[in-house]
Amino acid sequence: KVEYLASFSDDINLESRGRLPIVNRADLDDEGKAIYDRYTSPDSTSLAGLAGPGGLRLHSNVDKSPTRIDGKVRALIRLTMARELDQVFEWTLYEPVGLREGISIEVLDVIRYDRSLTGVPLKEASIVRLAREIFRNHHVSSDAYQLLKEQFGNKDLMEIAYLVGDAMESYTLLFMFDVHLPYERKPLLPVK
C-alpha cells in the first residue's frame, strides 16, 4: 500500500485518490446531504461511493459563488474539442460564435491548425491544453491541472468538466447519426 500511495503525484489527495478531497457532509445543503447519504449508505448502488464521479459532483454543491465561465470559455471548449475530434459540423457552427464571444482569429488558428500555445493567453491556453491532453493522452497532467486551477478555481473546474461532457454528448450524436453541414455551408475546419 505504501508503494501504491507513493506513486501518486503531489496534487493527489490520499483519501479520495484524486485531485479533489472527499466533500465534507457538513458543508453541503440539504439536497447535497441526501446525495451524500445515498453514496455512503450500505445499500448504495454506487460502485465507487464518494471516491468516484458522484462524489466529485458534490463539489458543485459546496461552492455557491457564481461561475466565471462565460460565453467565450464555453465556445472555446466546444471549438477545442471539435478540433480534437475532427468534428467539422460543430466547428463550422461554433467558429462564428467564438468570434462574437471574443476569441481572436489568432487563437482560433492555433486550435484549427494544431499549433503551439506559445503566445496564447493563459486562460485560453489552459482550456486548449486540457482538451488536447484529454483526447491525446487520456489523462490530464498535474501541470495542466494546476494551470486550469490557477485560471478558474475548483467551482469553475467542475463547470468546465460538465461542459466537456455536454459537448461529448453532442459530438456522439453528430458522429453516430452522420450529420452533415447544409449544402451552402463551407466547412471551416480542415480534417487531420
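This text walks through the structure from the whole chain to single residues.

The model is predicted, so local features need pLDDT of at least 70 and side-chain atom pairs count only at pLDDT 80 or more, while totals for chains, interfaces and linings use all residues. Residues are numbered from 1 along each chain as its sequence is written, and side-chain values use heavy atoms, with hydrogens and water left out.

Start with the whole chain. It has 10 helices and 0 strands. Helices here are DSSP runs of H or I with at least four residues, strands are runs of E with at least two, and both are numbered from the N terminus. The C-alpha atoms fill a box of roughly 60 × 35 × 30 Å along the principal axes. Of the 192 residues, 38% count as buried. Buried means under 20% relative accessible area, exposed means over 50%, and partly exposed lies in between (1.4 Å probe, protein chains only). Now take the contacts with a separation of 6 or more: residues 24 or more positions apart account for 63% of them. A contact means heavy atoms within 4.5 Å.

Next, look at helix 10. Its 23 residues should span 33 Å at 1.5 Å a residue, and its end C-alpha atoms are 33 Å apart, which agrees. The expected span is 1.5 Å times one less than the number of residues. Buried residues of helix 10 include Ile160, Leu163, Val164 and Ala167. An α-helix has 3.6 residues a turn, so residues three or four places apart point the same way. The buried residues of helix 10 pack against helices 3, 4, 5, 6, 8 and 9. After helix 10 comes aspartate 178, with a positive phi near 50°.

Helix 6 covers residues 88–100. It bends by about 35° at tyrosine 94, and proline 96 follows within four residues. The bend is the angle between axes fitted to the seven residues ending there and the seven starting there. Among its buried residues are Phe89, Trp91 and Glu95. The buried residues of helix 6 pack against helix 5, helix 7 and helix 10.

Now turn to the largest pocket. It holds about 840 Å³ of space. On a 1 Å grid over the protein atoms alone, a pocket is an open set of points where a 1.4 Å probe fits, with protein on both sides within 12 Å along at least five of seven lines; lining residues have an atom within 4 Å of a point. Grid points are joined across faces, edges and corners, and the volume is the space filled by probe spheres set on the points. Of its 32 lining residues, the closest to the centre are Arg19, Leu20, Leu56, Tyr145 and Ala161. Helix 10 gives the most to the lining, with 8 residues.

Glutamate 133 sits in helix 8. It is buried, because its relative accessible area is 10%. Not counting residues up to four places away in sequence, glutamate 133 touches His138, His139, Val140, Ser141 and Ala144.

Most residues other than glycine have a negative phi. Aspartate 86, between helix 5 and helix 6, has a positive phi near 50°. It is partly exposed, because its relative accessible area is 23%. Aspartate 114 lies between helix 7 and helix 8, with a positive phi near 55°. At 33% relative accessibility, aspartate 114 is also partly exposed.
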